[in-house]
Amino acid sequence: MSREKVAMASFGTDPWLTEYETCQRTGQSIMEKINQRNDLQRKGSSHSKIEAEIRLALRKFAKSIEVLKGQLLKASGNYHLTQREVDRRQGLLDSLTAKDKLLNEAFRKDITYTAPERTRLLAPNTAGFGQDYYNEPDEIRSLSINEIQDQQHQVIQQQDESLEALGTVIARQKQMGQTIGTELDEHNEILDDLSRHVTKTDSKIVRETKHIRTVSQKAKDCSFYVVIILLLIAIVVIAAVPRPS
């Protein structure tokens with residue numbers, strides 16, 4: 001069994017790949033209906049019914065592509081897939097988008113494909129419906145979808161473990177930050193208390209300095225008065241002492 005067949009057989013294990021396979025079959029069915037419509041046109045038969053079916057199928061095909069894009073974007077955003085698998089599936093989506101444009105062009109221009117062209121265009125998993133659109137890396141070329149998914153799960157598990165380790169480190173850093181913050185708050189309180197004590201001491205020093213100045217001034221006044229009193233006493237004594245005749 002070829003690698004393409006193994007991959008297609010494994011699509012059922014993944015909802016996205018199952019939807020992709022269904023979309024592939026829809027594109028093949030549309031191409032067959034377009035060729036049937038063109039045959040009816042050449043024969044002059046009525047083809048309005050099959051044209052209506054083709055229009056409806058083309059709308060369904062385009063809608064399915066949009067659904068696949070949304071699902072891939074969601075899975076990528078939730079980290080459910082590795083980047084390599086996201087790129088691989090994006091290549092498949094680009095292939096479907098190219099098919100959608102080709103089918104619409106064939107429907108509008110009444111293009112009829114020969115048997116070899118139809119075989120090439122209807123081949124699954126291709127950009128031109130025949131040539132590989134997405135080149136898989138050599139290391140996964142021989143792997144089945146299940147094996148690729150196992151690898152994805154291992155990578156995601158490793159990423160989860162790394163995130164948990166990072167979360168532990170961040171939590172520890174946060175705890176250290178909180179501890180440092182608590183110590184800083186305590187130091188700030190000590191500094192505030194010291195500042196209040198210094199302010200009180202400054203006030204006391206200013207008050208005592210004023211008191212000393214007042215006392216000093218009073219001491220000076222008292223000394224002046226003592227000198228005056230002593231001088232008065234000396235004058236009285238001198239005056240009271242009799243003079244020799």
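How many aromatic pairs does a search of the whole structure find? I found one aromatic pair in that search. The rings of W16 and Y20 have centres 6.0 Å apart and planes at 5 degrees, so I note the pair as stacked (rings of Phe, Tyr and Trp, the last by its six-membered ring, pair with centres within 6.5 Å; planes under 30 degrees apart are stacked, over 60 edge-to-face, the rest tilted).

This is a predicted model, in which local features need pLDDT of at least 70 and side-chain atom pairs count only at pLDDT 80 or more, while totals for chains, interfaces and linings use all residues. Residues are numbered from 1 along each chain as its sequence is written, and side-chain values use heavy atoms, with hydrogens and water left out.

I placed both W16 and Y20 in helix α2, four residues apart, about one turn of the helix (helices are DSSP runs of H or I with at least four residues, strands runs of E with at least two, numbered from the N terminus). W16 is buried at 5% relative accessible area, and Y20 is buried at 0% (buried is under 20%, exposed over 50%, partly exposed in between, with a 1.4 Å probe and protein chains only).

I then turned to the largest nonpolar core, which has 24 residues, W16, I30 and L96 having the most contacts inside it (such a core joins buried Ala, Val, Leu, Ile, Met, Phe, Trp, Tyr and Cys through side-chain atoms within 4.5 Å). The elements giving two or more residues to this core are α2, α3 and α4, and α3 gives the largest share, nine residues.
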